[in-house]
Amino acid sequence: QVHLVESGGGLKQAGDSLRLSCTASGGEFRLYSMGWFRQAPGKERELIAAISRGGGSTKYYPDSMKGRLTIDRDDSEKTLYLQMSSLNPDDTAIYYCAADFSYGSVVSGADITYWGQGTQVTVSS
């Protein structure tokens, strides 16, 4: 059983940068591929970044997110990070981290084993 806790959300201004963290406990963090998802009000949850297990040699960003996001992980600290720049009000959402043995599952967003509880990010104009 892996327990994921996100942190770093809050109220931001348009143009700000943001760094989210997701700390894991209860499992072998390095064995899991990880992802960041978000769900905006009235919209479906969407993947915004994914990273492979064991050091994170493979990363994925949807085209809509390329250039603004950086996903990274520190396996020794059991922590996943998301750096976001040039925030705008459309980035307002609940941000979730997710873990699964399968990198493909993380990228597809299907059948993911573990989810965090989410952290709210609100961007004002």
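This short talk goes through the salt bridges of the structure shown above.

Before the details, please keep in mind that this is a predicted model, in which local features need pLDDT of at least 70 and side-chain atom pairs count only at pLDDT 80 or more, while totals for chains, interfaces and linings use all residues. Residues are numbered from 1 along each chain as its sequence is written, and side-chain values use heavy atoms, with hydrogens and water left out.

The structure holds six salt bridges, where the term stands for a side-chain nitrogen of Lys or Arg within 4 Å of a carboxyl oxygen of Asp or Glu. I will also speak of residues as buried (under 20% relative accessible area), exposed (over 50%) or partly exposed (in between), with a 1.4 Å probe and protein chains only.

Let me start with arginine 38, whose salt bridge with glutamate 46 has its closest N and O atoms 2.8 Å apart. In this pair arginine 38 is buried, at a relative accessible area of 8%, whereas glutamate 46, at 33%, is partly exposed. Both residues also belong to a network of salt bridges that links Arg38, Glu46, Arg68 and Asp91.

Turning to another pair, the side chains of arginine 30 and glutamate 28 meet in a salt bridge, with 3.5 Å from N to O. Arginine 30 has 47% relative accessibility and therefore counts as partly exposed, and glutamate 28, with a relative accessible area of 46%, is partly exposed as well.

Finally, lysine 66 and aspartate 63 form a salt bridge through their side chains, at 3.1 Å from N to O, and here both lysine 66 and aspartate 63 are exposed.
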